[in-house]
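Hi,

Here is the model I promised to pass on. Have a look at it first, and then read my notes below.

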Protein chains: 2
Amino acid sequence: MAPVQNRLIERLPHRERTRLLALCEPVQLTLSEVLCEVGTPTRHVYFPTAGFICLVKHVDAHPGVEVGMVGREGMFGTQLVLGVVNSPLRALVQGPGACWRVGVADFKAELAASVAMKRQLDRYVYVLTAQTVAAAGCQRFHLIGARLSRWLLMSQDRAHDDHFHITHEFLAYMLGVRRAGVTVAASRLQRLGLITYHRGELTVLDRAGLAAAACSCYAADRAVYAEHLG
Amino acid sequence: MAPVQNRLIERLPHRERTRLLALCEPVQLTLSEVLCEVGTPTRHVYFPTAGFICLVKHVDAHPGVEVGMVGREGMFGTQLVLGVVNSPLRALVQGPGACWRVGVADFKAELAASVAMKRQLDRYVYVLTAQTVAAAGCQRFHLIGARLSRWLLMSQDRAHDDHFHITHEFLAYMLGVRRAGVTVAASRLQRLGLITYHRGELTVLDRAGLAAAACSCYAADRAVYAEHLG
DNA sequence: GGCGTTGTGTTCGCTGGCGCACGGTGAGAC
DNA sequence: GTCTCACCGTGCGCCAGCGAACACAACGCC
């Protein structure tokens, strides 16, 4: 078996890790796949190892806003940790790749059986909530360019690659803005030599520069994660 | 002893409720009191009975945005339920009134001792998180007038009174907007006969009208609460 | 090799909210 | 009775982002 490569699982005590992995099945996340729709019961819990997932809030008929991102540092299905089956958010695969998957019943049973596991996942719930709260502030105060930069950095961290597939259209959906707005912001970043892109293939050229262009939320998110699960 | 009048405590099984109340001390929340500053360790957990508390996120040097509100339907200190001591948010008293208070150590001990309590508070964490997520979307898409209406309704629910003390300045801080913007929105609501106010004393005249003017987030929040803790 | 589809660049007029600022007025302090 | 201060009304210029639209180029399909 390949190394686990999901931080939450790796941090579990040996016994719990083994038991959980025995219940996991490896699945491949495919781009744009919807793992869970709003208001529907969660069927599986996901622990990404290479792919990553965006959590999107919808309000009225508006496009949608990303409020959280889950890569191999986290999991999708935190609502189950809190004892709730329905997802309040849409879970959308943004980075294709490998992932562990557990059925809801098995997951609940393990959670009930292991205090250590529950305790750790509680902490992750906290971290993800902090990210969500930061997203609220970010929505309110930061300009598209800064938010775009932040989003690209977060994606790059989770894709473990400086190149990934993403269109302006999709970015607009994630940021809750117009596609044209993204084009303007992205082309500025390109002119500055921070990124380059062409028909959905985007490459980060200057990570440090991008970090400088990003809003403070990026650093804040990382700090919270490091403090509680680092 | 007066009736408990905090929904979370009331919903506990008899044994747990009695034990928790034995550890509680009654305190009076005073307007504008800061119960907990960002990044500092939480000292007490609060279960409001008459007063209520706002949770405010700060980003950079910007004014602040309210991302959650806690009245007698909830509690302040959810981070402790997740095993984290530091608060990610500022907790600010917005409605003065009575409240139960428990020390952190006592609270943790009770939480560890009672599965039923932990389970219920987990659910409340979920509800509060949903509220936070809604706040993010609300920030992004809704106009000041609609958000103001929502905020007034939420306050009224928690104040159990159609009259309360609130200035435009403070509302601006809560909504993360300019004071002048609040004045414009509030005076429109007044012209429509939905509210009346004068030098910090505000009265709701037409609750139904206000609900019609508010964004969908208000109804959504209530629905989530009712579904999970109703 | 033609054709529809998808991704990107750009324009135009509009508007909500911003920063800043000034003025008025009620209420309490002395 | 005056003074001060908190609270509220309003105005002005500005700008980010919006909605709607059009143009063009690259790619995939037949």
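Some housekeeping first. This is a predicted model, so please keep in mind that local features need pLDDT of at least 70 and side-chain atom pairs count only at pLDDT 80 or more, while totals for chains, interfaces and linings use all residues. Residues are numbered from 1 along each chain as its sequence is written, and chains are lettered from A and ligands numbered from 1 in the order in which they are written. Helices (H or I, at least four residues) and strands (E, at least two) are DSSP runs, numbered from the N terminus.

**Where the two chains meet**

Between the chains, 32 residues of chain A are in contact with 32 of chain B (contact is C-beta atoms, placed from the backbone, within 7 Å). On the chain A side, β5, α5 (115–141) and α10 (216–229) each supply at least two residues. α5(A) gives the most, with 16 residues. By class, that side of chain A has 16 nonpolar, 10 polar and six charged residues. (Ala, Val, Leu, Ile, Met, Phe, Trp, Tyr, Cys and Pro count as nonpolar, Asp, Glu, Lys and Arg as charged, and the others, Gly among them, as polar.)

One residue of α10(A) to look at is E227(A). E227(A) counts as exposed because it has 12 C-beta neighbours inside 10 Å (the cut-offs are 20 or more other C-beta atoms within 10 Å for buried, 12 or fewer for exposed, and partly exposed in between, with C-beta atoms placed from the backbone). E227(A) and V127(A) are 100 residues apart in sequence, yet 9.4 Å apart in space, C-alpha to C-alpha.

**The DNA surfaces**

Around DNA strand C there are 19 residues, the closest being T167(A), H168(A), A180(A), L143(B) and G181(B) (near means a C-beta atom, placed from the backbone, within 6 Å). Two or more residues come from each of α7 and α8 of chain A and α8 (179–191) of chain B. α8(A) has the largest share, six residues. The classes here are eight nonpolar, six polar and five charged.

DNA strand D has 18 residues around it, and L143(A), G181(A), T167(B), H168(B) and A180(B) come nearest. Here the elements giving two or more residues are α8 of chain A, plus α7 (168–175) and α8 of chain B. The largest share, five residues, is from α8(B). This surface has eight nonpolar, six polar and four charged residues.

**Helix α7 of chain A**

H168(A) turns up again in α7(A) (residues 168–175), where the buried residues are H168(A), L171(A), A172(A), M174(A) and L175(A). Looking down the axis of α7(A), these buried residues fall within an arc of 165°, so they line one face of the helix (the arc is that of the directions from the helix axis to the C-beta atoms). They pack against β4 (52–57), β5 (65–70), α6 (144–159) and α8 (179–191) of chain A. After α7(A) comes G176(A), with a positive phi near 70°.

**Strands in chain B**

β4(B) (residues 52–57) is mostly covered, with six of its six residues buried. On one side these are F52(B), C54(B) and V56(B), and on the other I53(B), L55(B) and K57(B). β4(B) runs antiparallel to β6 (residues 90–95) of chain B, joined by five bridges (strands pair if DSSP finds at least two bridges between them). I53(B) has V93(B) as its bridge partner in β6(B). β4(B) also pairs with β5 (residues 65–70) of chain B, again antiparallel and over five bridges, and there C54(B) stands opposite M69(B).

There is also an open, antiparallel sheet of three strands in the order β1-β7-β3 (chain B). Its edge strands are β1 (25–29) and β3 (44–48) of chain B, each pairing on one side only. Within that sheet, β3(B) and β7 (residues 97–103) of chain B are joined by five bridges, and F47(B) partners W100(B). Helix α4 (residues 104–113) of chain B lies across β3 and β7 of chain B, at about 75° to β7(B) (axes are lines fitted to C-alpha atoms, for helices over the stretch in contact, and angles run from 0 to 180 degrees between N-to-C directions).

Cheers

Note on methods: Contact = placed C-beta atoms within 7 Å.
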